[in-house]
Amino acid sequence: MTAGERMWLWSQPLVAVLAGVAGVAAWYLQLTGDLSALPTLQALITGSFVLPGLALSLTINHAAVMLRRPPMLTVGEKLLLIVEFALVVAILAISPSPDLLFLGYLLWPLLIAAAATAFAAMASTTIRSRRPRPDEGSTDELALESSGVS
């Protein structure tokens with residue numbers, strides 16, 4: 001596996017940890033009543049729900065990819081991650097502005113759709129990669145055939 005492939009493989013848990021830490025920080029700020037770091041409703045929603053959901057989604061996706069041999073992402077999955085990461089950056093960039101709340105309402109569902117699509121792609125690719133191919137047969141069948149037993 002190349003260094004670039006390792007970078008792609010570990011980008012999901014890295015972003016998941018960052019999103020999870022930010023989500024826990026947002027929950028802590030709410031519990032302590034110090035909402036100065038969450039100046040807008042959009043920042044509050046992003047920190048409390050969007051980022052923890054993203055962390056969970058990326059963790060599940062990474063677990064699915066790790067079941068592959070070798071654990072590598074397809075080109076389509078990499079493109080979906082680029083879309084997800086770009087949406088997260090855009091959401092974080094607009095969250096401090098109360099005037100851009102409507103844009104947040106548009107971007108949150110897009111991020112959810114991208115995360116769901118990435119999960120579907122990664123899970124289905126992993127399932128397909130783990131199925132035995134009909135032309136390969138199982139090792140037991142091959143052993144029986146070579147010993148002459150039917």
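Helices (H or I, at least four residues) and strands (E, at least two) are DSSP runs, numbered from the N terminus. By this rule, Pro39 lies in the loop between α1 (3–32) and α2. The model is predicted: local features need pLDDT of at least 70, side-chain atom pairs count only at pLDDT 80 or more, and totals for chains, interfaces and linings use all residues. Residues are numbered from 1 along each chain as its sequence is written, and side-chain values use heavy atoms, with hydrogens and water left out.

The protein has 5 helices and 0 strands. From the N terminus on, its elements run α-α-α-α-α. Of its 150 residues, 37% count as buried. Buried means under 20% relative accessible area, exposed over 50%, and partly exposed in between (1.4 Å probe, protein chains only). Contact means heavy atoms within 4.5 Å. Among contacts with a separation of 6 or more, residues 24 or more positions apart account for 76%.

Helix packing was examined next. Axes are lines fitted to C-alpha atoms, for helices over the stretch in contact, and angles run from 0 to 180 degrees between N-to-C directions. Helix α2 (residues 41–66) packs on helix α3 (residues 75–94) at an angle of about 160°. Their axes are 10 Å apart. α2 and α3 are therefore roughly antiparallel to each other. Angles under 35 degrees count as roughly parallel, over 145 as roughly antiparallel, 65 to 115 as roughly perpendicular and the rest as oblique. The crossing of α2 and α3 is left-handed. A crossing is left-handed if the near helix is turned anticlockwise from the far one by less than a right angle, and right-handed if clockwise.

On the α2 side, the residues are Gln42, Thr46, Leu51, Leu54 and Leu58. They meet Leu81, Glu84, Phe85, Val88, Ile91, Leu92 and Ile94 in α3. By class, this contact of α2 with α3 has 9 nonpolar, 2 polar and 1 charged residues. Ala, Val, Leu, Ile, Met, Phe, Trp, Tyr, Cys and Pro count as nonpolar, Asp, Glu, Lys and Arg as charged, and the others, Gly among them, as polar.

α3 also packs with α4, at an angle of about 155° and with the axes 9 Å apart. α3 and α4 are therefore roughly antiparallel to each other. α3 passes α4 in a left-handed crossing. The contact of α3 with α4 has 18 nonpolar, 3 polar and 2 charged residues.

The structure holds 1 aromatic pair. The ring centres of Tyr105 and Trp108 are 5.5 Å apart and the planes are at 80°, so the pair is edge-to-face. Rings of Phe, Tyr and Trp (its six-membered ring) pair if their centres lie within 6.5 Å; planes under 30 degrees apart count as stacked, over 60 as edge-to-face and the rest as tilted. Both residues lie in helix α4 (residues 101–130), 3 residues apart, about one turn of the helix. Tyr105 is partly exposed, with a relative accessible area of 42%. Trp108 counts as buried, at 9% relative accessibility.

Several single residues complete the picture. Arg69 and Pro70 are joined by a cis peptide bond, with omega about -5°. Most peptide bonds are trans. Pro70 is found in the loop between α2 and α3. Pro39 counts as exposed, at 54% relative accessibility. Pro39 and Pro98 are 59 residues apart in sequence and 8.3 Å apart in space, C-alpha to C-alpha. Glu5, in helix α1, counts as buried at 14% relative accessibility. Glu5 touches Met72, Leu73 and Lys78, not counting residues up to four places away in sequence.
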